[in-house]
Structures are given as C-alpha cells and as structure tokens.
Amino acid sequence: MSVTEAFGDVAADLAHLAPEKIIALSASPQLSDWVEELINRRKEGSITADDQLDLERLLALDLFISLAKVRARLLLAE
C-alpha cells in the first residue's frame, strides 16, 4: 500500500464526518508563507535538515487534506 492509498482511506473516512467542514479547510497565511519560504530555501540549497523534514511533513499534510477535500466534494455531489 502506498502513502497516497493510506492517506486516501483515512481521508475518505474523515470526509464522511463533516464534508462541508473539510471543504472549508485552509491554511493560515502564516503557514502558507512559511511553506513558501521553506520551498524557496530548498530551491536555493540553503535548507537545513530539520527544515527539510518540516517541509516534507507539511507537504504530506497538504496531500492528505487535498484527498479529504476531493472525497468530501464527491460525497456532496451524490
């Protein structure tokens, strides 16, 4: 099983709980700015190992939330 498949299963379960709330989820401006800063540091080659790990975790969280939103939209479309 891949990470995407595992996230997809949990995201589907989460979407069933409150699809409207899942769709409304969004990152704060501060979090978005931080992710953008980390991405820029990675592109420049100046990212630390700890920051790289944080970025990977944040990108995984983004993937998970995106999958949950897709599932929620499908539920509401039924």
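**Contacts, helix packing and salt bridges**

Reply: Leaving aside residues up to four places away in sequence, Ala15 touches Ile22, Ala68, Arg71, Ala72 and Leu75. Please keep in mind that this is a predicted model.

Me: Where is Ala15 found?

Reply: Ala15 is in helix H1, which covers residues 3-17.

Me: Is Ala15 buried or exposed?

Reply: Ala15 has a relative accessibility of 0% and therefore counts as buried, since buried means under 20%.

Me: And how far apart are Ala15 and Ala68 in space?

Reply: Their C-alpha atoms are 5.6 Å apart, although 53 residues separate Ala15 and Ala68 in sequence.

Me: Changing topic to the helices. At what angle do H3 and H4 pack?

Reply: Helix H3 (residues 29-44) packs against helix H4 (residues 49-77) at about 125 degrees, and their axes are 10 Å apart. H3 and H4 are therefore oblique to each other. The crossing in which H3 passes H4 is left-handed.

Me: Which residues make the contact?

Reply: On the H3 side they are Leu31, Trp34, Val35, Leu38, Ile39, Arg41 and Arg42. H4 contributes Asp51, Gln52, Asp54, Leu55, Leu58 and Leu59.

Me: What is the make-up of the contact of H3 with H4 by class?

Reply: The contact of H3 with H4 comprises eight nonpolar residues, one polar residue and four charged residues.

Me: On to charges. How many salt bridges does the structure hold?

Reply: There are two salt bridges in the structure. In one of them, Glu37 pairs with Arg41, with 2.5 Å between the closest N and O atoms. In another, the side chains of Asp51 and Arg41 meet at 2.3 Å, N to O.

Me: What about Glu37 and Arg41, where do they lie?

Reply: Both Glu37 and Arg41 lie in helix H3, separated by four residues, or about one turn of the helix. Together, Glu37, Arg41 and Asp51 are linked in a network of salt bridges.

Me: Is Asp51 buried or exposed?

Reply: Asp51 counts as buried, because its relative accessibility is 15%. Arg41, at 21%, counts as partly exposed. Glu37 is also partly exposed, with a relative accessible area of 40%.

Me: Now the loop. Where is the place of Thr48?

Reply: Thr48 sits in the loop between H3 and H4. With a relative accessibility of 40%, Thr48 counts as partly exposed.

Me: How far is Thr48 from Leu38, C-alpha to C-alpha?

Reply: The C-alpha atoms of Thr48 and Leu38 are separated by 9.4 Å, and the two residues are ten residues apart along the chain. Leu38 is one of the H3 residues that make the contact with H4.

Key. Residues are numbered from 1 along each chain as its sequence is written. This is a predicted model: local features need pLDDT of at least 70, side-chain atom pairs count only at pLDDT 80 or more; totals for chains, interfaces and linings use all residues. Side-chain values use heavy atoms; hydrogens and water are left out. Axes are lines fitted to C-alpha atoms, for helices over the stretch in contact, and angles run from 0 to 180 degrees between N-to-C directions. Helices (H or I, at least four residues) and strands (E, at least two) are DSSP runs, numbered from the N terminus. Angles under 35 degrees count as roughly parallel, over 145 as roughly antiparallel, 65 to 115 as roughly perpendicular and the rest as oblique. A crossing is left-handed if the near helix is turned anticlockwise from the far one by less than a right angle, and right-handed if clockwise. Contact means heavy atoms within 4.5 Å. Ala, Val, Leu, Ile, Met, Phe, Trp, Tyr, Cys and Pro count as nonpolar, Asp, Glu, Lys and Arg as charged, and the others, Gly among them, as polar. A salt bridge is a side-chain nitrogen of Lys or Arg within 4 Å of a carboxyl oxygen of Asp or Glu. Buried means under 20% relative accessible area, exposed over 50%, partly exposed in between (1.4 Å probe, protein chains only).
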